[in-house]
Amino acid sequence: MKKTLFLTLFFVFLLSQATLAMEAKNIEIFDPSTEQVAKSIPLSDEVQTMVLDWFSTVDEIYPRANIFKDNGYVIKFPLSSSEKIKNKFIEVDTDEVYLLIPESEDPFFMILTEKNQPMCFTFSGDIDKLSQILDFQLQ
């Protein structure tokens, strides 16, 4: 029941944020435990470049069936323009990327395909550096 409620709230969050993203390009750090945005930060070129570069380090498709966690953080990165995300698993144009950082697992990316299907990928990236740039403790 709790997972269903969380999934519903998370997708409402995603859909509602799509409208707001057109007005302002802010990175949003969502805390599933409080079901609220914990911090909103203006998108910088440095962060966008870092996140897009991490896609070149994609290791594999995220192997878990349940990608939504009750702990950790979900970070939405609205991109300054539609970008082509391409690796050995996917090729898609997108204007936002999600980074899920579970409390007790490695972080992973989520991208919505053109058909709004989530695809998740493990990667190699410096979460501590991102944490410093965003001025927010992610792990």
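Colleague: Which residue in β4 does F30 stand opposite?
Modeller: F30 faces V74 there. A word on the source: this is a predicted model, where local features need pLDDT of at least 70 and side-chain atom pairs count only at pLDDT 80 or more, while totals for chains, interfaces and linings use all residues. Residues are numbered from 1 along each chain as its sequence is written, and side-chain values use heavy atoms, with hydrogens and water left out.

Colleague: What makes β1 and β4 a pair?
Modeller: Two strands pair if DSSP finds at least two bridges between them, strands being DSSP runs of E with at least two residues and helices runs of H or I with at least four, numbered from the N terminus. For β1 and β4 there are 3 bridges, and the two run antiparallel. So they pass by that rule. β4 and β5 also run antiparallel, with 10 bridges, and a hairpin of 4 residues joins them.

Colleague: Why is D135 with K39 called a salt bridge?
Modeller: The rule asks for a side-chain nitrogen of Lys or Arg within 4 Å of a carboxyl oxygen of Asp or Glu. The closest N and O atoms of D135 and K39 are 4.0 Å apart, so the pair counts. D135 lies in the segment after α3 and K39 in strand β2, so the bridge ties together parts 96 residues apart in sequence.

Colleague: And why is D135 called exposed?
Modeller: Its relative accessibility is 60%, and exposed means over 50%, buried under 20%, and partly exposed in between (1.4 Å probe, protein chains only). K39, at 24%, therefore counts as partly exposed.

Colleague: What makes K84, E91 and D93 one network?
Modeller: Shared partners in their salt bridges. K84 meets E91 at 3.5 Å, N to O, and K84 also meets D93 at 3.6 Å.

Colleague: How do you know that E96 has no salt bridge?
Modeller: The nearest side chain of opposite charge (Lys and Arg count as positive, Asp and Glu as negative; His and the chain ends are not counted) is K76, 4.3 Å away.
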